[in-house]
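Good morning, and thank you for coming. I would ask you to look first at the sequence and the structure, and then to follow me through a few selected parts.

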Amino acid sequence: MANVVMFCILAVVIIGSAIMCVTTKRIMRAATYLLFVLFGVAGIYFLLDYTFLGAAQIAVYAGGITMLYIFAIQLVSKQTLQGLQERLKCSRILTGALVAVAGFAVVVAILLKNKFIDNFAQVTDMEVPMETIGTALVGADKYQYVLPFEFISIFLLACIIGGIMIARKEDKK
């Protein structure tokens, strides 16, 4: 019962922080709300007794990626951020809602086509050992994730370099 209560608390924190992250107009507050979302996800990992994934979530995402975002925000000049006010247009809201509905429809179609829900209902008591998860995260074979992690790190490096280049161009003006 305590696990269910803790999961509900973490779910409310994650959903509330995610909504606040995308609706706030202040970029530093958005980064802070993102930090709360990432800590909530780490809390769910700890709740499932996946301590390695929880620690990795805090170290890599909550610590590293959030600091990367904050440094990138700080690289942008204050003049750019001060005069920036975004107005919500009806067409943008409608387009965003349509994209969200289309994405939801794709996810539901994939779940129904591959019968994930039926398979999950049959195997509810099966736990995945931590060794299997660790092998999947650091392996380079089919259905393992070391290459996507490397591509993401190269992409983040390119974003940092792009942010520095943009910040340097604005300083010259």
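Glutamine 57 lies in helix H3 and is buried, at a relative accessible area of 8%. Here buried means under 20% relative accessible area, exposed means over 50%, and partly exposed is in between, with a 1.4 Å probe and protein chains only.

A word on the source. This is a predicted model, in which local features need pLDDT of at least 70 and side-chain atom pairs count only at pLDDT 80 or more, while totals for chains, interfaces and linings use all residues. Residues are numbered from 1 along each chain as its sequence is written, and side-chain values use heavy atoms, with hydrogens and water left out.

Now the chain as a whole. It has eight helices and zero strands; helices (H or I, at least four residues) and strands (E, at least two) are DSSP runs, numbered from the N terminus. Of the 173 residues of the chain, 16% count as buried. Among contacts between residues at least 6 apart in sequence, 50% join residues at least 24 apart.

I turn to helix H2, residues 27-47. How far apart should the ends of H2 be, given its 21 residues? At 1.5 Å a residue, the span should be 30 Å, and the end C-alpha atoms are 30 Å apart, which agrees. The expected span is 1.5 Å times one less than the number of residues. Several residues of H2 are buried, among them Ala30, Leu35, Leu38 and Ala42. The buried residues of H2 pack against H1 and H3.

Consider each partner in turn. Two packed helices are described by the angle between their axes and the distance between the axes. The axes of H1, residues 2-23, and H2 come within 8 Å and cross at roughly 160 degrees. H1 is therefore roughly antiparallel to H2. Axes are lines fitted to C-alpha atoms, for helices over the stretch in contact, and angles run from 0 to 180 degrees between N-to-C directions. Angles under 35 degrees count as roughly parallel, over 145 as roughly antiparallel, 65 to 115 as roughly perpendicular and the rest as oblique.

Which residues of H1 meet H2? They include Phe7, Leu10 and Ile14, and on the H2 side the contact includes Tyr33, Val37 and Val41. By class, the residues of this contact between H1 and H2 are 16 nonpolar, four polar and no charged. Ala, Val, Leu, Ile, Met, Phe, Trp, Tyr, Cys and Pro count as nonpolar, Asp, Glu, Lys and Arg as charged, and the others, Gly among them, as polar.

Isoleucine 14, in helix H1, is buried at 16% relative accessible area. Isoleucine 14 touches Val37, Gly40, Val41 and Ile44, again without residues up to four places away in sequence. The C-alpha atoms of isoleucine 14 and valine 41 are 7.2 Å apart, although 27 residues separate them along the chain.

Finally, aspartate 49 sits in the loop between H2 and H3. Aspartate 49 is not a glycine, yet it has a positive phi of about 65 degrees. Is aspartate 49 buried or exposed? At 63% relative accessibility, aspartate 49 counts as exposed.

How values were computed. Contact = heavy atoms within 4.5 Å.
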